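Subject: Structure handover and notes

Dear colleague,

Please find the structure below. My notes on it follow.

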Amino acid sequence: LGGIAPPSSVPWNLGQEIARAFQFDPSLNPNDVLRHISARRVGSGHVPVLVSAWRLVERSIRGFMPPPLYFSWGVWYRILVRPLVPDIELIPEKSRRYYEEPLLATHHNPNRFDFSRDVLFTLMTKAEARKAVKRIDRHAREPLRKAVALLKEKEHAPIESAVAEIFRDQRERAEALQCWMTTYRNVWVWIACVHGYLQTNDPGLRVKYRKELREMVEDEIRNTREFLALWKKGKTEFMAVSADKETTFIYDRNFGKHLERKIRLMERYGDAVPRVPGDVMWRVAGLR
């Protein structure tokens, strides 16, 4: 089928439709397939806009640079709901509990306080993080912004309501991707700048890293507010959540409350001096 998304949640599944088309005829021209699918959905008059938006989203995804573990297992790291502050340990344990309880990390796992580490290995180096940020800023963010703008403009144009509904669905999914991608991009900023700060004694460089971290915190607070608004007011089911209980592998319906907590903690601790505790692996639960 080309995916496992249920039609009730994803009524217009482009990836699945393309996979189905090429299963029947591998010699098809990809551009013709896109135009045909688009015309069937929104009518021939709206094909150029919808196909352009899809192409922009594809360009954005190609420009995104993910590290394998964070990309494949992002839920168990709780990336979307964790506060990206320069000194995570400043946040009291009880305030971190909402995301640490389902986090795949024991009390002595460095990942609790350092986004670049997990147990005994490095998830991403400072240099890799800097490269990822540059690549995303150059190649991923702008195409996605343009795609959202195109879809939104068409959604609010004087067109048939059924067609407008499709543009709304695609726009909300693109906005959700935009929020997701921005958070990951800002984690890479955290890695590059926190470790850059800690690895230098140059006062000028330290000022530079702290400035970049403040800009990242402001960007992530704004981004999380947009994500929260989409979560509360959007009509599209753009991510799967548990109706029963949150686990290491899935968020639940408290996702919006977690985003609210994240915003409050970033506002309070976002200007801290960068620090990563060096003794985490030798800690015993309940003892300091």
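Helices here are DSSP runs of H or I with at least four residues, numbered from the N terminus. By that rule V42 is found in helix α2. Please keep in mind that the model is predicted.

V42 and its surroundings

V42 counts as buried because its relative accessible area is 3%, and the cut-off for buried is under 20%. Leaving aside residues up to four places away in sequence, V42 touches V47, L50, V163, I166 and F167.

Helix α3

Helix α3 covers residues 47–63. Its 17 residues should span 24 Å at 1.5 Å a residue, and the end C-alpha atoms are 24 Å apart, so the two values agree. The buried residues in α3 are V47, V49, L50, V51, A53, W54, L56, V57, S60 and G63. As for spacing, an α-helix has 3.6 residues a turn, so residues three or four places apart point the same way. The buried residues of α3 pack against α1 (14–24), α2 (30–42), α7 (126–139), α8 (141–155) and α9.

α9 has 38 residues. From its first C-alpha to its last it reaches 55 Å, close to the 56 Å expected at 1.5 Å a residue. The helix is mostly covered, with 32 of the 38 residues buried.

How do α9 and α10 run relative to each other, parallel or antiparallel? The axes of α9 (residues 161–198) and α10 (residues 203–233) come within 9 Å and cross at roughly 160 degrees. Angles over 145 degrees count as roughly antiparallel, which makes α9 roughly antiparallel to α10. The crossing in which α9 passes α10 is left-handed. The residues of this contact divide into 14 nonpolar, six polar and ten charged.

α10 also meets helix α11 (residues 255–269): the axes come within 10 Å and cross at roughly 160 degrees. That angle makes α10 roughly antiparallel to α11, and the crossing is left-handed. On the α10 side the contact is made by V217, E220, I221, T224, R225, F227, L228, W231 and K232. On the α11 side the residues are F255, G256, L259, E260, K262, I263, M266 and E267. Sorted by type, the residues of the contact of α10 with α11 are nine nonpolar, two polar and six charged.

Two backbone points to check

Most residues other than glycine have a negative phi.

- R78 has a phi near 55 degrees, a positive value in a residue other than glycine. R78 lies in the loop between α5 (74–77) and α6 (93–100). With a relative accessible area of 0%, R78 is buried.
- V119 is not a glycine either, yet its phi is positive, at about 40 degrees. V119 sits in the loop between β1 (117–118) and β2 (121–122). At a relative accessible area of 39%, V119 is partly exposed.

Regards

Note on methods
Residues are numbered from 1 along each chain as its sequence is written. This is a predicted model: local features need pLDDT of at least 70, side-chain atom pairs count only at pLDDT 80 or more; totals for chains, interfaces and linings use all residues. Side-chain values use heavy atoms; hydrogens and water are left out. Axes are lines fitted to C-alpha atoms, for helices over the stretch in contact, and angles run from 0 to 180 degrees between N-to-C directions. Helices (H or I, at least four residues) and strands (E, at least two) are DSSP runs, numbered from the N terminus. Angles under 35 degrees count as roughly parallel, over 145 as roughly antiparallel, 65 to 115 as roughly perpendicular and the rest as oblique. A crossing is left-handed if the near helix is turned anticlockwise from the far one by less than a right angle, and right-handed if clockwise. Ala, Val, Leu, Ile, Met, Phe, Trp, Tyr, Cys and Pro count as nonpolar, Asp, Glu, Lys and Arg as charged, and the others, Gly among them, as polar. The expected span of a helix is 1.5 Å times one less than its number of residues. Buried means under 20% relative accessible area, exposed over 50%, partly exposed in between (1.4 Å probe, protein chains only). Contact means heavy atoms within 4.5 Å.
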